[in-house]
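Student: I am new to this structure and would like a close look at a single part of it. Could you take me through the surface that lies near one of the DNA strands, and then show me what else belongs to the picture?

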Protein chains: 2
Amino acid sequence: MHAAGSLAPELRHHYLFSALSDAERERLLASAGIRRFAEGEHLFSHGDAAPHFFLLRSGCVKLYRLSPEGDEKIMRLIRPSETFAESILFMDPPRFPVHGDGVEAGELLALDRGTFLTILQESFPTCRAVMAQMTSRIQSHWDEIETLALQNSRYRVVHYLLGLTASEASGRVTVTLPARKVLIAAHVAVTPETLSRTLRALSDEGLIEVAGDVVTIRDVGRLRGHMH
Amino acid sequence: MHAAGSLAPELRHHYLFSALSDAERERLLASAGIRRFAEGEHLFSHGDAAPHFFLLRSGCVKLYRLSPEGDEKIMRLIRPSETFAESILFMDPPRFPVHGDGVEAGELLALDRGTFLTILQESFPTCRAVMAQMTSRIQSHWDEIETLALQNSRYRVVHYLLGLTASEASGRVTVTLPARKVLIAAHVAVTPETLSRTLRALSDEGLIEVAGDVVTIRDVGRLRGHMH
DNA sequence: CGGACGCCTTGACGGCCATCAAGCTTGCCC
DNA sequence: GGGCAAGCTTGATGGCCGTCAAGGCGTCCG
């Protein structure tokens, strides 16, 4: 991990940091580090001491939990310019709440907890941005809990596909799965076999067309109506 | 809903508000209201405009979601002196993310969103308390998502029972279920029938003793080992 | 005391989905 | 091209748990 160069523009355009002054951004970057990682590389473990939170610059990272039997549930797939592990800012002591692995090689910006906390103290707008971010995460958690508790696997898969489309989309839409299918499966909490069978069923019903990792939804509205 | 009287002590001892000055607490209370509710009374719906968040003074409230088929998943059971719906502080527009019903008659303190946001702006320690609160909620959501995704119903029931005991407890412990069993079932995402059968199985295996809503765990450590 | 109502339990059954085990397709390298 | 490996698909089977239906067991109230 080496020092962060002139990344100020990257931060300026990010929701969480756009309310900071140039001086504050510089201060934050001065304390930050860059970490390159390879595909499959283990980045941190659930429970590890966590002095940083992260902004992904390139590649793809999975955040996941493991059951004692070794089953994996992916909590989030992180894509470039997304931040993660902000929670560690307010924990005492700060520890990662999940495992993190590289899925595609890339680069992380590791932001220092203490520095950012000091800056927060002086920037209520940024405080508010952090809280808004946390709020929207909480929203999505509640949606996921509801989905896991109340809905079957077919619903979860359809819901996931629809989530890949823009919310105002309608009619015929083509999306690309953001990762290998085994990862998608671990994300929607089904086995790869069930994911495969579900996609095939949807396809047989004429609702979607599947070609590798490219899925064409033949009619978004109609798919929405066929969740059960 | 009528004005809040001299409730300052209640707020002073609450985690979220203890960092406020007396003047700020007074200001918050001046804008607050009290709402009494009956058992079974519907308090608000998922999606309703939400000008307040709440502190429960007495009774019990359930926060829940419904599936289109009418199945209910309880997200939280609120007990006196707990706050809820703080998320609405940072939404735009603020809307309740769940339904809320009274489970036992009681009284709510409804705290004004705008007033609290103004106060937050001037009190970084309170900001930080709010963020810490949100962080711990996020933690528990991740635990719940993991449990729903990776564990079977027996595990979830055992996990719930263990959650009712103090974390450092060991040996023989007696707990009282905090609500009717149908609500417990909706909380751990099983049917009442399955909850009943699971408790019976645990009881047949000599792990617990059940008498109405009083459950005696014969050995906490041993129960922990029998989750699967 | 008797009956009714809620709440919980118990039993029988079936469907969903995980598991196990082959096959298939694709890309890669010799 | 041939062979191998990784990722995905397909099939057969079984177990968990939801559904439906009936039965027990308190509590309340006439």
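**The surface near DNA strand D**

Tutor: By class, the surface near DNA strand D has seven charged, five polar and four nonpolar residues, and please keep in mind that the model is a predicted one. In total, 16 residues surround DNA strand D, and the closest of them are A:Lys181 and A:Ser196 from one chain, together with B:Asn152, B:Ser153 and B:Thr194 from the other. The largest share, six residues, comes from H7(A).

Chain A also holds an open sheet of three strands, in the order E8-E10-E9, with antiparallel pairing. Strand E8 (173-176) and strand E9 (208-211) of chain A each have a single partner strand, so one side of each is left without a neighbour in the sheet. Neighbouring strands of this sheet are turned by 20 degrees against each other on average, direction ignored. Between E9(A) and strand E10 (residues 214-217) of chain A, which run antiparallel, there are four bridges, and A:Val214 in E10(A) is the bridge partner of A:Ala211.

Finally, the two chains meet, with 32 residues of chain B in contact with 32 residues of chain A. On the side of chain B that touches chain A, H4(B) gives the most, with 19 residues, and by class this side has 18 nonpolar, seven polar and seven charged residues.

How values were computed:
Residues numbered from 1 in each chain as written. Chains lettered and ligands numbered in written order. Predicted model: local features only at pLDDT ≥ 70, side-chain atom pairs only at ≥ 80, totals over all residues. Near = placed C-beta within 6 Å. Helix = DSSP H or I, 4+ residues; strand = E, 2+ residues; numbered from the N terminus. Nonpolar A, V, L, I, M, F, W, Y, C, P; charged D, E, K, R; others polar. Pairing = 2+ DSSP bridges. Axes fitted to C-alpha atoms, helices over the stretch in contact; angles between N-to-C directions. Contact = placed C-beta atoms within 7 Å.
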